[in-house]
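Biologist: Could you take one part of this model and go through it closely, giving the cut-offs behind each term as you go?

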Amino acid sequence: MHPYDQPHRPSAQVYRLRRAVAASALVVVAGVGWQAVGSDGGEEAAPTTTTSSTTTTLPALPACAEGEEITSRDPDQDWATILVDTARALPATYGPPDLHNISQAGFPFTEGQALRGLVMDDLAAMRQAAEANGTPIGVLASYRSYPTQVDLFTRRVDQLGASEAGSRVARPGHSEHQLGTTIDVAEQGALDVDQSFGASPTGQWIASNAHEYGFILSYPAESSATTCYDFEPWHLRYVGRDHAAAVIDSGVTLRQYLWDLEQRGTTTPPVPSTAPPQ
Ligand SMILES: [Zn+2]
């Protein structure tokens with residue numbers, strides 16, 4: 001498989017740093033900053049007149065570690081906000097109910113390249129905008145089933161040994177690609193991608209604009225302490241435009257954002273801040 005399929009996680013030394021960071025981090029959110037808006041999660045908006053002055057301390061984002069906690073949430077409904085990481089997994093039996101070939105978003109038909117139908121309109125819009133900018137994109141990977149991830153992981157274990165493979169490949173159930181909302185992009189026509197994509201005009205356009213179409217880089221640069229993966233300038237998860245705007249507004253990584261949302265017990269994005277990032 002291509003390198004982009006094998007995100008590798010940093011060394012044990014970095015893990016120790018992560019634990020130290022996580023142990024010292026307390027997420028403090030003022031109640032008025034997280035009033036629910038929109039209908040993305042199908043929840044009632046919280047009363048906007050709430051003036052609670054209490055400060056809630058939420059459980060801190062866990063340090064990066066492997067685990068086998070199967071999510072209790074429904075990926076069909078909670079595709080935008082469900083957390084999938086090195087500890088939290090999707091059920092082995094889960095597959096999206098509404099897969100469509102990416103040709104529906106205007107890309108050339110490619111056998112086996114499929115995503116959920118709900119992604120298509122915004123993916124088409126992003127494709128068109130990238131092309132209009134003179135930096136057209138292609139899709140290298142999209143939905144990946146649990147059995148496909150098993151095959152990928154097994155091959156890497158054969159090649160590298162269990163220990164090394166375990167640090168370089170998302171284990172089955174732990175890949176966002178299983179959601180059917182996640183893509184790996186590259187320059188149009190490219191057959192592979194690596195971290196240098198991040199510095200290319202196309203990669204820079206993606207980094208600056210993908211959120212406008214509801215896509216977030218799950219593993220941005222210099223963020224492995226909270227994302228648990230090295231920089232992947234090609235890996236985009238679709239969370240919808242409202243959540244994507246809120247992630248950018250928050251200034252935190254997607255994993256941190258989704259964790260915080262879960263601790264708040266909501267699936268609706270917080271009100272965008274008008275204040276500059278702190
Ligand atoms: Zn990916």
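Modeller: The chain has eight helices and 10 strands, where helices (H or I, at least four residues) and strands (E, at least two) are DSSP runs numbered from the N terminus. This is a predicted model, in which local features need pLDDT of at least 70 and side-chain atom pairs count only at pLDDT 80 or more, while totals for chains, interfaces and linings use all residues. Residues are numbered from 1 along each chain as its sequence is written.

For the chain as a whole, 38% of the 278 residues count as buried.

Strand S7 is joined by four bridges to strand S8 (residues 182-187), and the two run antiparallel; two strands pair if DSSP finds at least two bridges between them. Within this pairing, valine 139 has valine 185 of S8 as its bridge partner. The open sheet to which they belong consists of four strands in the order S7-S8-S10-S9, with antiparallel pairing. Because S7 and strand S9 (215-217) each have a single partner strand, they stand at the edges, and one side of each is left without a neighbour in the sheet. Neighbouring strands of this sheet are turned by 45° against each other on average, direction ignored, with axes taken as lines fitted to C-alpha atoms and angles running from 0 to 180 degrees between N-to-C directions.

Terms used:
A residue is buried if 20 or more other C-beta atoms lie within 10 Å of its own, exposed if 12 or fewer, and partly exposed in between; C-beta atoms are placed from the backbone.
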